[in-house]
Every structure is written in structure tokens, then in C-alpha cells.
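I am opening a notebook on this structure.

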Amino acid sequence: MTVSLTPDYTTLTSPDTKLRLKDIIKTLPRECFQKDMRKAWTAVVVNVLMVGLGYWSIAASPWFLLPIAWIFTGTALTGFFVIGHDCGHRSFAQRKWVNDLVGHIFMAPLIYPFHCWRIGHNQHHNHTNKMDVDNAWQPWRTEVYDNLDPITKTAYTTTRGRLWWLASILHWALVHFKLSNYKTRDHGKVKLSIAVVVAFAAIVFPALFLTVGVWGFVKFWLMPWLVYHFWMSTFTLVHHTLPDIQFKEPEEWDAAQAQLFGTVHCDYPKWVEFLCHDINVHIPHHLSTAIPSYNLRLADSSLMKIWGSKLRRYQFSWGLMKEITDQCHLYHPEEAYQSFKSYAGK
């Protein structure tokens, strides 16, 4: 007689079962939550080497190869953000001060204030796809859209359409440096993070202008930075946006449903996945931010065994981006989204 060592999770997939986030998390192997300092610091070393390789390629490339060098370097710099992302969730190191230090160091070249991002990002995780509360790509209500001033309306329509890749820049500029966006108790940390990126810019930017000139600044910093923001906008938009992913009213919102079925796993080219530390294996990350990036695939394979085709899994393509940017514009209480065109025709 043999005894199965595999737990029976069929009740969790039953339509009659009320899913709870803690029950889903219990299905994941314990190894998913274990921090491995060798893996964490190996990722840091490899990422630094990749960024270094990127800057070498920018310096060595003839003008016609520069776009390739910029794309590679900007994607590697996105890996810097992902390391800071793990630090912000305290999944990089055991000690809080190590997470804070590494987070500041790796976000500084991106001029991204660590604590400012961390505080706002945690709100997204706590209220994923909850209307009027989630702060990541929330579709605006039609009554809000109708009353926007012309500049804001133009910015919203632009970044919800083909120029979605500009959204991360606007979010960075308008949100993270405004002290009033944060509670008084957090002002000390917010000011520290802003001071770190201001100090970085005050040292590095003049040095670039003095040594390589305006073109050198554009070539070595601005263009890779724009590529980084392209990936930031793209990754974060796809993580929770499809024509049938419904943002829920607060009284109807359910944490387990939002995190498990309102989060999108998207496969990108392998070189992007490598440089960005598998951040787009995103469903397990939303179930528990305690899972380090190097354990996301282990957690994902476990989820697939239980929920399989019920999970939202896509391959990155321009067709996918066209579908999202053509349709996912304004909030609709029954149909998830309505496009600007369909709303204007009503």
C-alpha cells in the first residue's frame, strides 16, 4: 500500500470554494520563500557586469549600432530596478538596513527614489485591481475623464494608447517627488531617498557634461534610461491589464481573486527575462511579495499544477500591446473596459 505525498487541493479549485489568499499561499513549496544569499548576490554581480557590458558597447559601437547597445543597456538597467524591487519587499536580504542600502544604490542611477517608490508600490500590492484605491494603471471613471482639464486629458489618452511607454516617465516625475503624496510619518524616509537621487544627479550629470558633452549625456544616460522606462511601462501595464480583467468596486473586491486571476504571467524573450530577473513571472509575486525573484519560477510551476489553464498566461507580442492599448482605456462596471472611441460614440 502506498501513501500519496502530494496534498489534495481539488477543493480549492471547486467553484463552491471561497478562495482565501492564505490557503493559496499554503500550496506553494516552502523553498519558494527561502532567501539564498548566494543567488541574491550572484544576481547583483551578474547584473553589474551586464550593465558594464552595455556601457562598453555604447562606447565602442558605431552610430548605426547604438540603438542595439541602448536597448541592451536599458534592459540591463531594468534589472537594477528589479533588484531594488526585491529590496523594497524585503525579499533580498534578511536585514532591513541591507535591503534599504542596496535598494538605494541600485535605484540611484535610474533617479528613482527608493522609499518613495516602495511606499506607493505596497499600496498596489495591498489593493490590486481595486477601483479608486489601486495606484497602478487604474482605468479612470468616465465622469472623472469628462471633467479633466485639457492637458491632463491629453496625457491620459496619450499614455493609454500607442504612447503607453511614456506613462512610467510621467508617473516618476509627478508622483515620487511630491511630499504631500506621503503620510507625515514617512516624510523622513521620503526625503532621504529624494536626497540620494538628487546627490547622484548632482555628481554624475555634470561629470558627463564636462567629460563627454551634451551628446555624451544623451548617449550614455538618457537613451538607456528611456529604454528602462519603456520596459517599466510595458511590464506594469501588462501585469494587470487585459480587456476582460475587471477592476472591482471596493465593496465587491476579493484579494484572492484579484491576486490569482487578475494578475498576468507574460513570457518575454529569454534575454529580457534573464536581464530582468524573471519579474514577469508575476502571479506568485502577487500572492506573496516574500518570494525572492530567483524563486518565482519554482512557485509558478507549483501554481500551474493546481490551477493550470485558469491562470492568465500570455506571450509578449505587439499584437497583445495593440489589443490592450486599443481597448483598455476607461472603466466599465460590467465589461471591465471601454475604449475612448466606443465611449465617444455613445
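**Entry 1: what the record says.** I am working with a predicted model. I began with the UniProt annotations, which come from an unreviewed entry. UniProt places "domain: Fatty acid desaturase" at residues 62-315. I looked up that span in the model and found 61% helix and 3% strand, with the end C-alpha atoms 33 Å apart. The record also gives "transmembrane region" at residues 40-58, 64-85 and 192-215. I checked two of these spans. Residues 40-58 are 100% helix and 0% strand, and their end C-alpha atoms lie 27 Å apart. Residues 64-85 are 91% helix and 0% strand, with 33 Å between the end C-alpha atoms.

**Entry 2: α3 and α9.** I asked at what angle helix α3 and helix α9 pack. For α3 (residues 66-88) and α9 (residues 187-240) the angle is about 60°, and the axes are 7 Å apart. I note α3 as oblique to α9 because of that angle. The crossing of α3 past α9 is right-handed. On the α3 side the contact is made by Leu-66, Trp-70, Ile-71, Thr-73, Gly-74, Thr-75, Leu-77, Thr-78 and Phe-81. On the α9 side I listed Trp-215, Lys-219, Met-223, Pro-224, Val-227, Tyr-228, Trp-231, Met-232 and Phe-235. Sorted by class, this contact has 13 nonpolar, 4 polar and 1 charged residues.

**Entry 3: α4 and α5.** Next I took α4 (96-107) and helix α5 (residues 114-126). Their axes come within 9 Å and cross at roughly 110°. I therefore record α4 and α5 as roughly perpendicular to each other. From α4, the residues Asn-99, Asp-100, Gly-103, His-104 and Met-107 meet Phe-114, His-115 and Trp-117 of α5. The contact of α4 with α5 divides into 3 nonpolar, 4 polar and 1 charged residues.

**Entry 4: Ser-91.** I found Ser-91 in the loop between α3 and α4. Is Ser-91 buried or exposed? Ser-91 counts as buried, because its relative accessibility is 0%. Leaving aside neighbours within four places in sequence, its contacts are Lys-35, Asp-86, Asn-99, Thr-289, Ala-290, Ile-291 and Pro-292. I also looked up the separation of Ser-91 from Asp-132: 41 residues in sequence and 28 Å in space, C-alpha to C-alpha.

**Entry 5: Leu-287.** Leu-287 lies in helix α12 (residues 283-287). With a relative accessible area of 3%, Leu-287 is buried. Not counting residues up to four places away in sequence, Leu-287 touches Leu-21, Ile-24, Ile-25, Gln-259, Leu-260 and Leu-303. From Ala-258, Leu-287 is 29 residues away in sequence and 9.5 Å away in space, C-alpha to C-alpha.

**Entry 6: positive phi.** I looked up phi for Trp-137 and got a value near 55°, which is positive in a residue other than glycine. Trp-137 sits in the loop between α5 and α6 (142-146). Its relative accessibility is 16%, so I count Trp-137 as buried. His-277 also has phi near 55°, a positive value in a residue other than glycine. I placed His-277 in the loop between α11 (270-275) and α12. His-277 counts as buried too, because its relative accessibility is 14%.

Note on methods:
Residues are numbered from 1 along each chain as its sequence is written. This is a predicted model: local features need pLDDT of at least 70, side-chain atom pairs count only at pLDDT 80 or more; totals for chains, interfaces and linings use all residues. Side-chain values use heavy atoms; hydrogens and water are left out. Axes are lines fitted to C-alpha atoms, for helices over the stretch in contact, and angles run from 0 to 180 degrees between N-to-C directions. Helices (H or I, at least four residues) and strands (E, at least two) are DSSP runs, numbered from the N terminus. Angles under 35 degrees count as roughly parallel, over 145 as roughly antiparallel, 65 to 115 as roughly perpendicular and the rest as oblique. A crossing is left-handed if the near helix is turned anticlockwise from the far one by less than a right angle, and right-handed if clockwise. Contact means heavy atoms within 4.5 Å. Ala, Val, Leu, Ile, Met, Phe, Trp, Tyr, Cys and Pro count as nonpolar, Asp, Glu, Lys and Arg as charged, and the others, Gly among them, as polar. UniProt positions are given in the numbering used here, feature names are shortened, and annotations may be inferred rather than shown by experiment. Buried means under 20% relative accessible area, exposed over 50%, partly exposed in between (1.4 Å probe, protein chains only).
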